[in-house]
Amino acid sequence: MACMKLGSKSDSFQRQGQAWFCTTGLPSDVTVEVGDMSFHLHKFPLLSKSGLLEKLIDENSEEEEACIIKLPDVPGGAKSFELVAKFCYGVKLELTASNVVYLRCAAEHLQMTEEIAEGNLITQAEIFLNQVVLKSWKDSLQALQACEDILPHAEKSHIVKRCIESLAVKASTDPNLFGWPMIEHGPMQSPGGSVLWNGISTGARPRNCNSDWWYEDVSSLSFPIYKRLITVMESRGTRSEIIAGSLTSYAKKYLPGLSRRQNIASAALRAAPTEEEQRQLLEDIESLLPFQKGIVPTKVLFGLLRTAMILKANKSCISKLEKRIGMQLDQATLEDLLLPNFSYSMETLYNVDCVQRILEHFIAMDQANNGDASPSLIDDEQLMGSPSLAPITAVAKLIDGYLAEVAPDVNLKLPKFEALAIAVPDYARPLDDGLYRAIDIYLKSHSWLTESEREQLCRLMDSQKLSLEACTHAAQNERLPLRIVVQVLFFEQLQLRTSIAGCLLVSDNLDGSRPLRSGIPCSGEAGAGGWVSAVQENQVLRVGMDNMRMRVSELEKECSNMKQEIEKLGRGKSGGWKEVPKKLHLLRIKSQMCSAQEPALSVSEQQQKSVSEKLEKLQAKITKHKKQLSADL
């Protein structure tokens, strides 16, 4: 630590209990009381340096009793006045970054100016501040910390402002350009720049310093001083990501609920702030954070939001944090979204309403960034390959995963589940497998839903956007309404027909290429044998395709028979059941198999069970034939 030595005389001060005595051989003629401490001194050294003490001594000299002067407002108290007294007597003392602020403010209070004596304490303190302290990061920080104890006096002497300016300049500048703070805190270096060990060059080069080197240092400041430092740095054009990084570091240190892996030992050394102090600190930090996408990690923003809910911060703070998260929701994880409910008035385990507001912010921002272009007007292939859809596709997958996590909550109402699922645009989901999984979990946990509610819930997904694996699972899912199962079976059959048609097209292309191949001369038995083998394999493939056509035709015929049986069951009922198609409604299919919408009729439990068993048998056959087709291909 840098220091400046003043005075030349040996120390002649002695302390006895709560009193200081100057042992110069002369009796004391003045007593100065500073707080609980008494200083038994002499008038001449004091009045020759201090204008205030000269005035007070003159006022008390007319009294016959001993001269007693009380100084209750000396900056720094008795410890500071002890150094002032030693300066007046010319005793050796050292100015350091930790005591120069107290001495400078005490000298100002005691009027120790150049008009009273040349080279007085104010001048000496100013020289040390300007030439030593303010040129060093470490000393400037230490002096600024000392200012917090006597803030009004330090503000009056402009020490706080100068220290903040010094720190702001150094923090805003690349430390690798000037060597600080590495020279101050790091090992010694040789003139060539290599690290020295016991004065011997090791040949190793000092490591470059990152832009966050000052985060930990300034986090020791009180928040009002720290806030002023951040404001000055912003006015100097410091990059937003650096400002945000420092604010994040400060928040993690003083908000216990923000960092899950906080150092317990270091936290125990600090006095835990009260709940009110934490709430005020969080709201202030949120107001200082730059409102830009990506400069604050999404996990940190979720931590701030979670802490704000626990501390019951004001609605404006929580709303702004939700908007910040909404701007970069595509960078979040499922763990981040699982925000517990901290309100007794809310029944659900997780805060679904908060997640929906965040999603709405993201959707609004995404639509604003993409302009008026409607994804529905773009071809599916272009849509899937568009880079601009990557964020919203990631968010759709994230929300589907979130729905699956919150679906087991029995207190989660159907309208709230549907609202969150519908909030994601259709074009954001290339496949509805994730949504189907969430719906299936919800149906399993809410078995009391009526048939109409189940159908309403299943309308959230598009059966045409289910993969073959999802179709297979859905067709065998007893929790789904029968209408949905039949719909899935039809679409699965269409996918199967499409796959077969593609295989047949390949086979026809192979047939068309035979004359060209036959015209190629083959030399030797090896060439002839290879051609014969290819012809045989092609014939086997065609036979397999013909067999598969027959199997699919049989399945279509059986499906048609089942529909006729369902119609007969419906005609057997009387009354209003014929008029209300609720439970068994066969979807209009865009294919030659089903060209008209089939009426949906309610049947008895035994009849429904019989139809369900037949559908299961039909699905088992389709699955078996599909596996055979895959094996043949």
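K312 is exposed, with a relative accessible area of 66%, where exposed means over 50% relative accessible area, buried means under 20%, and partly exposed covers the values in between, all found with a 1.4 Å probe on protein chains only. K312 lies in the loop between helix α16 (298–311) and helix α17, and its phi is near 60°, a positive value in a residue other than glycine.

The model is a predicted one, in which local features need pLDDT of at least 70 and side-chain atom pairs count only at pLDDT 80 or more, while totals for chains, interfaces and linings use all residues. Residues are numbered from 1 along each chain as its sequence is written, and side-chain values use heavy atoms, with hydrogens and water left out.

**The protein as a whole**

The protein has 29 helices and nine strands; these are DSSP runs, numbered from the N terminus, with helices being H or I runs of at least four residues and strands being E runs of at least two. Of its 633 residues, 45% count as buried.

**The loop between α4 and α5**

Q111 lies in the loop between α4 (100–109) and α5 (121–131), and has a positive phi of about 60° although it is not a glycine. E118 is found in the loop between α4 and α5 as well, and the C-alpha atoms of E118 and K49, which are 69 residues apart along the chain, are separated by 9.0 Å. Q111 counts as partly exposed, at 41% relative accessibility, whereas E118 is exposed, with a relative accessible area of 75%.

**Cysteines**

The structure holds zero disulfides, a disulfide being a pair of cysteine sulfur atoms within 2.5 Å. The sulfur of C105 has its closest cysteine sulfur in C147, and because these two are 6.6 Å apart, they are too far from each other for a bond. The table lists the accessibility of some cysteines.

| Cysteine | Relative accessibility | Class |
|---|---|---|
| C67 | 5% | buried |
| C105 | 2% | buried |
| C163 | 0% | buried |

C163 is found in helix α8 (residues 159–172). Not counting residues up to four places away in sequence, C163 touches L134, S140, A143 and L144. The C-alpha atoms of C163 and Q145, 18 residues apart along the chain, are separated by 9.7 Å.

**How α15 and α17 pack**

Two packed helices are described by the angle between their axes and by the distance between the axes. Helix α15 (residues 275–288) packs with helix α17 (residues 315–327) at an angle of about 45°, and their axes are 10 Å apart; the axes are lines fitted to C-alpha atoms, for helices over the stretch in contact, and the angles run from 0 to 180 degrees between N-to-C directions. The two helices α15 and α17 are therefore oblique to each other, since angles under 35 degrees count as roughly parallel, over 145 as roughly antiparallel, 65 to 115 as roughly perpendicular, and the rest as oblique. In this packing, L282, E283 and E286 of α15 meet C317, K320, L321 and R324 of α17. By class, the contact of α15 with α17 has three nonpolar, no polar and four charged residues, where Ala, Val, Leu, Ile, Met, Phe, Trp, Tyr, Cys and Pro count as nonpolar, Asp, Glu, Lys and Arg as charged, and the others, Gly among them, as polar.

Conventions: Contact = heavy atoms within 4.5 Å.
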